[in-house]
Amino acid sequence: MNKIKLCIIFGGASSEHEVSCMSASSVIKNLDNERYELFSLGILKDGRQFLYTGDVEKIADASFCHDTEHLVPAIISPCPAHHGIMVLNKAEGTYKIQGIDCFFPVVHGENCEDGNLQGLLKLSGVAYVGSDNRGSAVSMDKAITKTILQTVNVPMANWRLFREDYSEADILWCEENLGYPMFVKPAGTGSSVGVSKARDREALVEALSKALKYDGKVLVEEYIEGAEVETAVLDVFENGKRVTLASIPGEIVPNSDFYDYETKYVNDTTSYYLPARLDKDTLEKIRGLAVEIFRALDCRGLSRVDFFAGKKGVIFNEINTLPGFTKISMYPKLMAEYGVAYGKLIDLLVDYAMEEHK
Ligand SMILES: Nc1ncnc2c1ncn2[C@@H]1O[C@H](COP(=O)(O)OP(=O)(O)O)[C@@H](O)[C@H]1O
Ligand SMILES: [Mg+2]
C-alpha cells in the first residue's frame with residue numbers, strides 16, 4: 001500500500017505560533033511511519049512558508065525558523081492541478097511540485113484558525129483536516145457564533161456587541177441587563193488575550209478600550225457562575241455515513257480569578273477533572289449540545305466546545321475549531337479518556353478528511 005503523503009502545517013503568522021509548534025511536534029512524534037510519508041510545512045511569523053527538513057525538536061521549541069540550512073522555500077499551491085506544494089528554487093528561478101494527499105493544519109489563532117488558511121487549502125484541491133473556511137470564520141468570531149446559535153436556542157450568557165463608536169446608552173443597557181461583574185472580550189482573539197472581568201463602570205470602560213485594541217468588535221457579557229467544562233467533538237465515517245461524536249466533558253478549575261492568559265500559560269495553578277464533577281444527566285446534556293453547536297456552525301472534523309455549568313444550567317461559552325493538540329492538551333486528553341488514543345486520533349482525523357474529500 002502506498003503511504004499517505006501527509007503535510008503537517010505549523011507555526012503561523014499568529015500570536016499562538018509557539019503553541020502551534022508544540023502541538024505540531026507532538027503530532028509528528030506520534031505519526032505512524034508505516035502509514036504516512038511526512039512533510040512539514042512551517043509558516044514563519046511573517047507569513048513566509050517553508051518545507052522544514054530539520055530536527056523535530058526545533059519545531060517543538062519554535063527555533064526551526066533559525067535553522068536556515070533545513071528551510072526550503074515553498075508555498076501551498078492554490079492550483080488544484082498541482083495538488084500540493086510548490087517547492088521553490090530561488091537561485092534558478094524554478095520550482096517543482098510536491099504532491100500531497102492530506103494537509104493537517106496544526107495551527108491556532110488569527111490567519112490560521114479563522115478561515116484564511118482554510119480558504120487556501122480548499123483552493124489547493126487537497127483534503128485537509130478540520131473545518132473549512134466558512135465554519136472556521138464563523139466560529140472564530142464570538143459575536144457571529146452567538147448570533148447563529150441564538151437562532152437555535154442554545155443557552156448562553158446575555159451579551160451586547162460593542163464597537164469603537166459605542167455610547168453611554170450601551171453602558172447603561174449593560175448595567176441594567178447584565179449587572180457587574182461583566183466579562184469583556186474581543187470577538188476574534190483566543191488564549192484569553194484582551195479578556196477582562198469588570199467590577200464597576202470605570203473598569204468596564206478600561207476593559208472596553210483594552211479589548212477594542214485587539215478587535216473592532218467586542219462582546220460584553222453577563223458573568224456566569226459555574227464550573228468550566230470542555231468537550232471534544234470528532235467526526236468519523238461509520239458505514240459510509242458521517243457520525244459526530246462527543247467525548248465525556250472534562251472540567252477546568254483555574255484556581256485564579258478566571259481562566260486568563262497568565263493562568264493558561266504562565267502560572268501553573270489549574271486543576272483538571274476528567275470527567276467533570278457533574279451528574280450524569282448534565283454530562284449527557286453537554287455532549288448533546290456540543291454536537292448540535294458543532295453542526296449548527298458548519299464545523300467539520302474536530303472542535304473543542306466550552307461551557308459553564310452551574311445554577312443557571314448548562315451555558316455555552318465558545319468553540320475552538322483547532323484546539324491545542326499537544327499530548328497533554330485538553331482535546332486529546334478528552335478523546336483518550338473516551339477511548340481514542342493520540343495516534344489513533346490522528347489517523348481518524350486524516351481518514352475523515354480524505355473520505356469526505358472523495
Ligand atoms: N461570561 C463569562 N462568565 C464567567 N467567566 C467567563 C465568561 N466569559 C469568559 N469567562 C472566563 O474568561 C476565560 C476566557 O474567555 P473565553 O471566552 O473562553 O475566551 P478565549 O477564546 O480567549 O479562551 C474563560 O475561560 C472564563 O474563565
Ligand atoms: Mg476559552
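The legends below describe close-up views of a predicted model.

**View 1. The largest nonpolar core.** This core has 77 residues, and Cys7, Ile8, Ile9, Cys102 and Phe104 touch the most other members. Helix 11, residues 342-357, gives the most to the core, with seven residues. Residues come from both domain 1 (4-128) and domain 2 (139-155 + 224-357), so the core lies between these two domains.

**View 2. Contacts of Ile8.** Ile8 is one of the core residues that touch the most other members. Neighbours within four places in sequence are left aside here, and the contacts of Ile8 are then Ala24, Val27, Ile28, Leu38, Ser40, Phe104 and Val106. Another core, of 16 residues, lies apart from the largest one; Phe162, Val195, Leu204 and Ala211 are among its members.

View 3. Which residues come nearest to ligand 1? Of the 17 residues around the ligand, they are Phe183, Glu221, Ile224, Phe258 and Tyr259. Strand 10 (182-186) and strand 18 (313-320) are the elements that give two or more residues to this shell. By type, the shell holds seven nonpolar, five polar and five charged residues. Domain 2 (139-155 + 224-357) and domain 3 (159-222) both give residues to the shell, so it lies between them.

**View 4. The hairpin of strands 13 and 14.** Strand 13 (residues 227-238) and strand 14 (residues 241-246) run antiparallel and are joined by six bridges. Glu238 has Lys241, in strand 14, as its bridge partner. Two residues lie between the strands of this hairpin. Asn239, in the turn, has a positive phi of about 50 degrees.

**View 5. The loop at Asn33.** Asn33 is found in the loop that runs between helix 1 (17-29) and strand 2 (36-43).

**View 6. Helix 4 and its packing.** Helix 4 covers residues 133-140, and six of its eight residues are buried, so the helix is largely enclosed by the rest of the structure. The buried residues are Gly135, Ser136, Ala137, Val138, Ser139 and Met140. They pack against helix 3 (116-124), helix 5 (142-150) and strand 18. Strand 18 also gives residues to the shell around ligand 1.

Notes: Residues numbered from 1 in each chain as written. Chains lettered and ligands numbered in written order. Predicted model: local features only at pLDDT ≥ 70, side-chain atom pairs only at ≥ 80, totals over all residues. Core = buried A, V, L, I, M, F, W, Y, C linked by C-beta atoms within 7 Å. Buried ≥ 20, exposed ≤ 12 C-beta atoms within 10 Å, placed from the backbone. Helix = DSSP H or I, 4+ residues; strand = E, 2+ residues; numbered from the N terminus. Domains from an automatic or database assignment. Contact = placed C-beta atoms within 7 Å. Near = placed C-beta within 6 Å. Nonpolar A, V, L, I, M, F, W, Y, C, P; charged D, E, K, R; others polar. Pairing = 2+ DSSP bridges.
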